[in-house]
Amino acid sequence: MIRPALLAVFVTVLLAGCSWVDLKPGADRVNLRSSSQVHSCERLGATTTSVRDRVGFYNRNSDKVGEELADLARNSALELGGDTIVPDGPIDDGERRFIIYRCLR
């Protein structure tokens, strides 16, 4: 029989690898770019996204957290009519700010 503490650790590790962010239809076409790539784009606004960066005592994978934050920003960009997002600073405690742009194609 599995001990409750071992089961709790197993569930925590299993959940830490999961993604809880779903892209809205069309959000997959929103590009992630750097600030040097948006000089001819129209700035539409900004969004701050956040996800859990810890599950219990376990720190989630920073790359996975970054992907989820960007996916949330893509969803926000879609709502504003944007097609490009640019990170505006580092990830801090599972939170990151993004600037939303509409770029000429």
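## The four-stranded sheet

In this predicted model, four strands form an open sheet in the order β1-β5-β6-β2, and the pairing is mixed. Two strands count as paired if DSSP finds at least two bridges between them. At the edges sit β1 (31–32) and β2 (41–50), each pairing on one side only. Strands here are DSSP runs of E with at least two residues, helices are runs of H or I with at least four, and both are numbered from the N terminus.

Let's follow the pairings of β6. This strand, residues 95–103, runs antiparallel to β2, with nine bridges between them. Within that pairing, serine 50 has glutamate 95 as its bridge partner, and threonine 48 stands opposite arginine 97. β6 is also antiparallel to β5, this time over four bridges, and here proline 87 is partnered with phenylalanine 98 of β6.

## The helix across the sheet

Helix α2 (residues 62–80) lies across β1, β2, β5 (84–87) and β6, and runs at about 40° to β6. That angle is taken between N-to-C directions on a scale from 0 to 180 degrees, with axes as lines fitted to C-alpha atoms, for helices over the stretch in contact.

Is arginine 60 buried or exposed? Arginine 60 counts as buried because its relative accessibility is 6%; the cut-offs are under 20% relative accessible area for buried and over 50% for exposed, with partly exposed in between (1.4 Å probe, protein chains only). Its side chain joins that of glutamate 68 in a polar contact of 2.8 Å. Such a contact is a pair of N or O atoms within 3.5 Å; within protein, one must be able to donate a hydrogen and the other to accept it, and residues adjacent in sequence count only if both atoms are side-chain atoms.

The largest nonpolar core has eleven residues: Val21, Val30, Val51, Val65, Leu69, Ala70, Ala73, Ala77, Ile85, Phe98 and Ile100. A core of this kind is a set of buried Ala, Val, Leu, Ile, Met, Phe, Trp, Tyr and Cys residues joined through side-chain atoms within 4.5 Å. α2 and β6 are the elements that give two or more residues to this core, and α2 gives the most, with five. Apart from it lies another core, of six residues, including Cys41, Val86, Tyr101 and Cys103.

Leucine 104 is found in the segment after β6. Leucine 104 counts as exposed because its relative accessibility is 72%. From C-alpha to C-alpha, leucine 104 is 9.4 Å from valine 38, although 66 residues separate them in sequence.

## The chain as a whole

Two helices and six strands make up the secondary structure of the chain, and from the N terminus they run α-β-β-β-β-α-β-β. Of its 105 residues, 34% count as buried. Among contacts with a separation of 6 or more, 69% come from residues 24 or more positions apart. The chain exposes about 6,900 Å², of which carbon and sulfur atoms supply 52%; these areas come from the Shrake-Rupley method with a 1.4 Å probe.

Residues are numbered from 1 along each chain as its sequence is written, and side-chain values use heavy atoms, leaving out hydrogens and water. As the model is predicted, local features need pLDDT of at least 70 and side-chain atom pairs count only at pLDDT 80 or more, while totals for chains, interfaces and linings use all residues.

Methods:
Contact = heavy atoms within 4.5 Å.
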